[in-house]
Amino acid sequence: MHAKILARGVIAAAAVVALQFSSLGLASADPFPNPVTQGSVNAAKAEATKAQNAADTAAKDAAKGAERLSRAQTIADQDAAEAERLAAIADSTGAKSDRNRANAAADKAAASAADAAQAQLAYSALADRSAQAEAAAAAAADTADKEAASFSRITPGTSTEGAATLPDTGFRPDNATHSDNVELVDSVRGVLSPNGKCPAYKATGCPAFSALNFVHYENLGYDVMVANGTGGLAIWSLKDPAHPSYISAVTVPELKQPGETMTQFWEGENLTVDSRRKLVYMTRDSGTKGLFTIDIKDPWHPKVLGFHKVPLGHTATCLNDCRFIWSVGSGVRGIASPVAVTDVRDVNHPFTYDKPFASDVRRTGATSGSTHSVDVGFDGVVWVSGSGGVRGYWTDGKHLDPTTGEKRMATPYDPIPYAGGSISGAEGLFLHNAYRFPNQLGDQPKGDVLLITNENNQTSCSKAGQFYVTSLTGTYDADNVGAGGIPKLTKLASYSPGGKPGHYVDPTGKAGDCSAHWFTVNGNIVAIAFYEQGVRFLDISDPTDPQQVGWFRVPDRAAGGDKPAVEGSDASAAYWHGDYVYVSDYGRGIDVIKYNGEVPGKSEKKVCWNSCEK
């Protein structure tokens, strides 16, 4: 084999391996710390250059190895031919001298063959090394390109306020009920669905919103609020945060893909945004599951950038400075608590890895059940909630991998387990979402308390899903390597609105949907939605004994006399933001309320949900 042919073989092998690496997602590695900056872009480019130099060196070494192999093979072929020729002469003459020459030639041929075999082994090792180096270079170049693409989209947003606002049918109801330390400030409706059907107990269904979020505009100096529901995406200016101004929408017809008969959007229950790049990701869980990407650099004129298929579509969360998104839900079988991982650094070309990651929230390996929420804590630990448990993972930085006992780099597609599991004594609960409390709470160490909701939609509060305060002690993966049994979260306390002030019972005696749902935390106060029970404020200063310190809900009212009809509470989530709590409601739209009570404990600079990365 000639050296040039061998060299071409090295390059071809490298291409094959690079393709294999890319299909595994290795070409989308994220070895750089948050956030995306010019420095991270420069570091990625330098890493790509270094990797390409290493690949070039490895290719040269492989080419030299190919030349050595070619020479060794030529000599071996020549010596083998000579040995064969002399053997034929010895056989024909029978002379001892001829036999001796033939034997000597055979020994030389054997030695040459051995040299060629060694050269083959050496070349194979060099070729393999070259292929791996080429694949690593391709991966590094891909990372550099994507890091640059991500950085290029960072924007302070428009500096020009739109003049137009849209008509908003929301009005502040005159029949809201609440504790003395809570006030209703405003109500808005935005885009509504004419046929907002959903799995809710209220007969009126879900024409309004399942979730909202906020995007900051550096050039404007204020935030906008985005909310999605069955009618699509609605956007409000928060120039006056007490009174949101409805400025634009992305409707269902704008989201509909070619050939679809989509009549409503479902559902985006934990709306995730990229505030630095002014992007909104809407998660679809009906029909073809996946992610819509909406560009809101100018929030008065949102643009749908595209739809990307993802096998799990109930909720999605940005992580690692929104370089990646974890999507969860149901529909993928055979994987313990599946999480789909999508690289969105180049938003025009998102890439979802072929096989979802197994988060194994119960730590049993069981493949039944689904995942529901992904929540990133202040420390960067990513918590996955689902059927039977909550599990935390590192997706960035170097950490101890408890499965191997060695430190390695964590990535979003190859994360490192951190802590969590089922709640002891309540292993069968469907755990909805979680928040790791960042500070010391009562006698619990800093970072040891995990707040969790259990969703179980029941009209009997004694059976409905509750809010849980748990301890992570005994579940830290590195502390449990080799330990017997399955680590469990310790339940410190639970809370239900049943029997508390503000408890709603309808005229038939039913309590209304009483399940816990989405919540946010300010200091030691939790604002949490309980569907038809409205919003409750809980003081968890004593994590073993949470106390309700405030409440808000709106009763249903039929139109009559001079009183308009009022849609009652079906609260999905309560979001602290600045001085107000914005409540996304499946039926009502958005209620703006204010908690005027004491807020004990340390208030973080950012009240967060979904993704709390600093």
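Start by selecting S337, which sits in the loop between β12 (324-328) and β13 (338-343). Helices (H or I, at least four residues) and strands (E, at least two) are DSSP runs here, numbered from the N terminus. The model is predicted: local features need pLDDT of at least 70 and side-chain atom pairs count only at pLDDT 80 or more, while totals for chains, interfaces and linings use all residues. Residues are numbered from 1 along each chain as its sequence is written, and side-chain values use heavy atoms, with hydrogens and water left out.

Check the backbone of S337: its phi is near 55°, a positive value in a residue other than glycine. S337 is buried, because its relative accessibility is 4%; buried means under 20% relative accessible area, exposed over 50%, and partly exposed in between (1.4 Å probe, protein chains only).

Next, select C322, in the loop between β11 and β12. Phi of C322 is also positive, near 60°. With a relative accessible area of 5%, C322 counts as buried. Most residues other than glycine have a negative phi, and most peptide bonds are trans.

Now go to the peptide bond between W266 and E267, which is cis, with omega about 5°. E267 lies in the loop between α4 (252-255) and β7 (272-274).

**H314 and its surroundings**

From E267, move to H314, which touches E267. Contact means heavy atoms within 4.5 Å. Leaving aside residues up to four places away in sequence, H314 also touches G268, E269, T283, D285, V328, G329 and H372. H314 is in the loop between β10 (303-309) and β11 (315-319).

Is H314 buried or exposed? H314 is buried, because its relative accessibility is 15%.

Show the side chains of H314 and H372: a polar contact of 3.2 Å joins them. A polar contact is a pair of N or O atoms within 3.5 Å; within protein, one must be able to donate a hydrogen and the other to accept it, and residues adjacent in sequence count only if both atoms are side-chain atoms.

**The cavities**

Switch to a cavity display. Rolling a probe the size of a water molecule over the atoms shows where empty space is left. A cavity is a set of points, on a 1 Å grid over the protein atoms alone, where a 1.4 Å probe fits but cannot get out; lining residues have an atom within 4 Å of a point. Grid points are joined across faces, edges and corners, and a volume is the space filled by probe spheres set on the points.

How many cavities of 30 Å³ or more does the search of the whole structure find? There are four. To centre on it, select D375, A434, F519, W609 and N610, the closest to its centre of the 18 residues that line it. Elements giving two or more residues to this lining are β16 (371-376), β22 (431-436), β26 (519-522) and β30 (571-577). β22 gives the most, with four residues. The lining divides into 11 nonpolar, five polar and two charged residues. Ala, Val, Leu, Ile, Met, Phe, Trp, Tyr, Cys and Pro count as nonpolar, Asp, Glu, Lys and Arg as charged, and the others, Gly among them, as polar.

For the second largest cavity, of about 60 Å³, select the lining residues Y435, F437, P438, N439, V521, N522, G523, K602, S603, E604 and V607. Five of these are nonpolar, four polar and two charged.

**Strands to follow**

Return to β30, where six of the seven residues are buried. Six bridges join β30 to the antiparallel strand β31 (residues 580-585); two strands pair if DSSP finds at least two bridges between them. A571 has D585 in β31 as its bridge partner. The hairpin of β30 and β31 has two residues between the strands, and G578 there takes a positive phi near 65°.

Then trace the open sheet of five strands, β1-β29-β28-β27-β26, with antiparallel pairing. β1 (177-178) and β26 are the edge strands, each pairing on one side only. Inside the sheet, five bridges join β27 (residues 525-529) to β28 (residues 535-539), and V526 stands opposite L538 in β28.

**Zooming out**

Finally, show the protein chain as a whole: four helices and 32 strands. Its C-alpha trace spans about 130 × 60 × 40 Å along the principal axes. Of its 614 residues, 56% are buried.

Definitions and conventions: On a 1 Å grid over the protein atoms alone, a cavity is a set of points where a 1.4 Å probe fits but cannot get out, and a pocket is an open set with protein on both sides within 12 Å along at least five of seven lines; lining residues have an atom within 4 Å of a point.
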